[in-house]
Amino acid sequence: MKEINIKEPKEFTPEPVDGTIRSVEPHEEDAWEIIVNGETITHSVSGAYCEPTEDTKEIIGLRDDVFSIVKEKNAYKALPEAKGGYE
């Protein structure tokens, strides 16, 4: 979080390419609420854009790093298999 300066404002909407912001469906959405020294920082990141901003890439990388830690926990491994979703 320090490396990407999580406390600073972020830009998650890309600049248009040839006047258009291209998007995809379906897409993922991430909502972050982080408390640092009593200050709450919120970021909402959409995977809808075909050309993600650098800030988006950093937050998604952070999410992936956190998830890789969580996946190794016994409590996560003990969860039942997911049902439904896209097959």
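Buried here means under 20% relative accessible area, exposed means over 50%, and partly exposed is in between (1.4 Å probe, protein chains only). A few notes on this one.

1. Ground rules. This is a predicted model, with local features needing pLDDT of at least 70, side-chain atom pairs counting only at pLDDT 80 or more, and totals for chains, interfaces and linings using all residues. Numbering runs from 1 along each chain as its sequence is written, and side-chain values use heavy atoms, leaving out hydrogens and water.

2. Leucine 79. Leucine 79 counts as exposed because its relative accessibility is 51%.

3. Threonine 56. This one is in helix H1 and, at 5% relative accessibility, counts as buried. Setting aside neighbours within four places in sequence, threonine 56 is in contact (heavy atoms within 4.5 Å) with Glu11, Phe12, Val45 and Ser46.

4. Proline 52. You'll find proline 52 in the loop between strand S2 (39-46) and H1. Its relative accessibility is 33%, so proline 52 counts as partly exposed. Proline 52 is 48 residues from isoleucine 4 in sequence, and their C-alpha atoms are 16 Å apart in space.

Key: Helices (H or I, at least four residues) and strands (E, at least two) are DSSP runs, numbered from the N terminus.
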